[in-house]
Protein chains: 2
Amino acid sequence: MRLYGYFRSGTSHRVRIALNLKGLTYETVPVHLLKGEQRQESYLAVNPQGLVPTLEHDGTRIGQSLAIIEYLERIHPEPPLLPKDPAGQARVRALALICACDMHPLGNLRVLQYLKNVLGLDQEARDAWCRHWMATGFEALEARLAGEPETGRFCHGDAPTLADVCLVPQVVGAQRWGTDLGPYPTVRRIFDAGMALDAFVRAMPASQPDAA
Amino acid sequence: MRLYGYFRSGTSHRVRIALNLKGLTYETVPVHLLKGEQRQESYLAVNPQGLVPTLEHDGTRIGQSLAIIEYLERIHPEPPLLPKDPAGQARVRALALICACDMHPLGNLRVLQYLKNVLGLDQEARDAWCRHWMATGFEALEARLAGEPETGRFCHGDAPTLADVCLVPQVVGAQRWGTDLGPYPTVRRIFDAGMALDAFVRAMPASQPDAA
C-alpha cells in the first residue's frame with residue numbers, strides 16, 4: 001500500500017491512524033501542500049481533485065479519507081473500526097461525519113487561502129473563523145459523547161472506531177489554532193485515550209517523514 | 001420511519017432520495033431552518049447538534065445524512081446504493097464525499113450566515129464564495145465522471161448509487177446560486193438521468209409539504 005499525504009493534513013492523519021490500528025504497513029509519498037505539489041500534473045494524475053490523501057492498493061487509487069477507511073475496513077476487517085449492529089454503525093459514522101463534514105472542511109488549507117487571498121481576512125479573523133467552527137463542532141461532539149450511554153473509553157465502547165480516528169486529528173488541528181478545549185472534557189479524555197496507543201502516536205504529524 | 005428535515009436542505013434531500021429509491025415510506029417532520037427551529041429545545045432534544053436531517057427508526061435517532069443512508073443500506077439492502085466490490089464501493093463513497101465534504105459544507109446556511117453577519121459580506125460576495133466552491137467541486141466530479149470507465153448512465157454503472165443521491169441535490173443547490181453548469185456535461189447528463197426517475201422527482205424541494 002502507498003499513501004499520498006501531507007504530515008499536517010488532518011485527513012491524511014485519519015488514514016494513518018486507521019492503517020496503524022489495522023496493523024498495515026504502507027509507503028508514505030509526501031505531497032507538500034504549502035508548496036502546491038497537490039496541483040502539479042504528476043499528482044493530478046494520481047488524484048484529479050488535487051487533494052490529499054490518496055491510497056494506492058492493488059491497482060486501485062482511492063481518494064477521500066472516509067472512503068479509504070471504509071475500504072480498509074472491508075478488505076482488512078480486523079480489528080474492526082465499526083460496530084457490528086446497524087444502530088452502532090450509524091452512531092459511529094455520524095460522530096465521524098461531524099468531524100469530516102461540519103468541522104474539517106471549514107478549516108482546511110484551501111478555505112483559509114480563500115479567506116486570506118480573496119476576502120482579505122487577516123490572521124486574527126481567520127483564526128476566529130476556525131475557532132468558531134471548531135467550537136461549534138466540539139460542542140456537538142461533547143453533548144453526544146458526554147450524554148450517551150454508548151460512549152466508553154473511546155467514542156463508542158472501549159476500543160477505537162472510525163469516530164476516534166476522526167476525532168483525534170480534529171483535536172490536533174484545533175490545538176494548532178489555539179481553540180480552548182476546556183469546555184469539552186469528554187473530547188479531551190478520549191483524545192488522551194487515543195494518545196495512549198502506539199497506533200495513534202505513530203500517526204502524529206510530527207512523526208511523519210515529511211514533517212518540517 | 002420519521003424524517004426531520006427541511007425542504008431546501010441538500011442533506012435532507014439526499015435522504016429523501018435514498019428512502020424513495022428503497023421504496024420506504026416515512027413521515028415528514030418539517031424543521032424550518034430560516035425560522036431557527038433547529039435551535040429550539042424541542043429539536044435539540046431530537047438532534048443535539050441542531051442540524052437536519054434526523055431519521056427516527058425503531059427507537060434510534062440518527063443524524064448526518066450519509067450515516068442515515070448507510071444505515072438504510074444496511075437494514076434495507078435492496079435495491080443497493082453501493083456496489084458489491086470493495087473498489088467500486090470506495091469509488092462511489094469517494095464521489096459522494098466530494099459533495100458531502102468538499103462542496104456542501106461550504107455553502108450551507110450557517111456558513112452563509114457567518115459570512116453575512118460576522119464578516120459583513122454582501123450578497124454578491126457570498127454568491128461568489130458559493131460559486132467558487134461549487135465550481136471547484138464540479139470540476140473534480142466532471143474530471144472523474146467523464147474520464148473513468150465505471151461511469152455509466154449514473155455515476156457508477158447504470159443504476160443510481162449513493163454518489164447520485166449526493167450529486168443531484170448538489171446540482172439543485174448550485175442552480176439556486178446561479179452556478180454555470182455548462183462546463184460539466186457529464187454532471188448534467190447524470191442529473192437528467194436521475195430526474196427521469198420518480199424517486200428523484202418526488203424528493204425535490206418544491207414537492208415537500210413544507211415548501212414555501
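Student: Why is A:Glu56 called buried?
Tutor: The relative accessible area of A:Glu56 is 15%, and buried means under 20% (exposed is over 50%, partly exposed lies in between, with a 1.4 Å probe and protein chains only), so A:Glu56 falls in the buried class. This is a predicted model, in which local features need pLDDT of at least 70 and side-chain atom pairs count only at pLDDT 80 or more, while totals for chains, interfaces and linings use all residues. Residues are numbered from 1 along each chain as its sequence is written, chains are lettered from A and ligands numbered from 1 in the order in which they are written, and side-chain values use heavy atoms, with hydrogens and water left out.

Student: What makes the pair of A:Glu56 and A:Arg61 a salt bridge?
Tutor: The closest N and O atoms of the two residues are 2.8 Å apart, and the rule asks for a side-chain nitrogen of Lys or Arg within 4 Å of a carboxyl oxygen of Asp or Glu, so the pair qualifies. In general, side chains of opposite charge can pair when their charged atoms come close. A:Arg61, at 41% relative accessibility, counts as partly exposed.

Student: How do you know that A:Glu150 and A:Arg91 form a salt bridge, and which parts of the chain does the pair link?
Tutor: Their closest N and O atoms are 3.7 Å apart, which meets the cut-off already stated, and the pair links distant parts of the chain, 59 residues apart. A:Glu150 sits in the loop between helix 6 (123-147) and helix 7 (162-176), whereas A:Arg91 belongs to helix 4 (residues 86-107) of chain A; the helices are DSSP runs of H or I with at least four residues, strands are runs of E with at least two, and both are numbered from the N terminus. A:Glu150 has 38% relative accessibility and is therefore partly exposed, while A:Arg91 has 5% and is therefore buried.

Student: Why does the pair of A:Arg93 and B:Glu70 join two chains?
Tutor: The side chains of A:Arg93 and B:Glu70 meet in a salt bridge, 3.7 Å from N to O, and because A:Arg93 lies in helix 4 of chain A and B:Glu70 in helix 3 (residues 65-75) of chain B, the pair joins two chains. Both residues are buried. Elsewhere, salt bridges that share partners join A:Arg2, A:Glu27, A:Glu56 and A:Arg61 into one network, and the search of the whole structure finds 22 salt bridges over all chains.

Student: How many salt bridges does the rule find across the interface of chain B and chain A?
Tutor: The rule finds four, and one pair that meets in a salt bridge is A:Arg110 with B:Asp102, at 4.0 Å from N to O.

Student: What places B:Arg93 in the buried class, and what does this residue touch?
Tutor: B:Arg93, in helix 4 of chain B, has a relative accessible area of 9% and is therefore buried. Leaving aside neighbours within four places in sequence, its contacts (heavy atoms within 4.5 Å) include A:Glu70, A:Arg93 and B:Leu82.

Student: How much area do chain B and chain A bury between them?
Tutor: They bury about 3,600 Å², 69% of it on carbon and sulfur atoms, where buried area is the accessible area (1.4 Å probe) that two parts lose on being put together, summed over both. B:Arg74, B:Arg110 and B:Tyr114 supply 16% of the area that chain B buries against chain A, more than any other three residues. The contact takes 42 residues from each of chain B and chain A.
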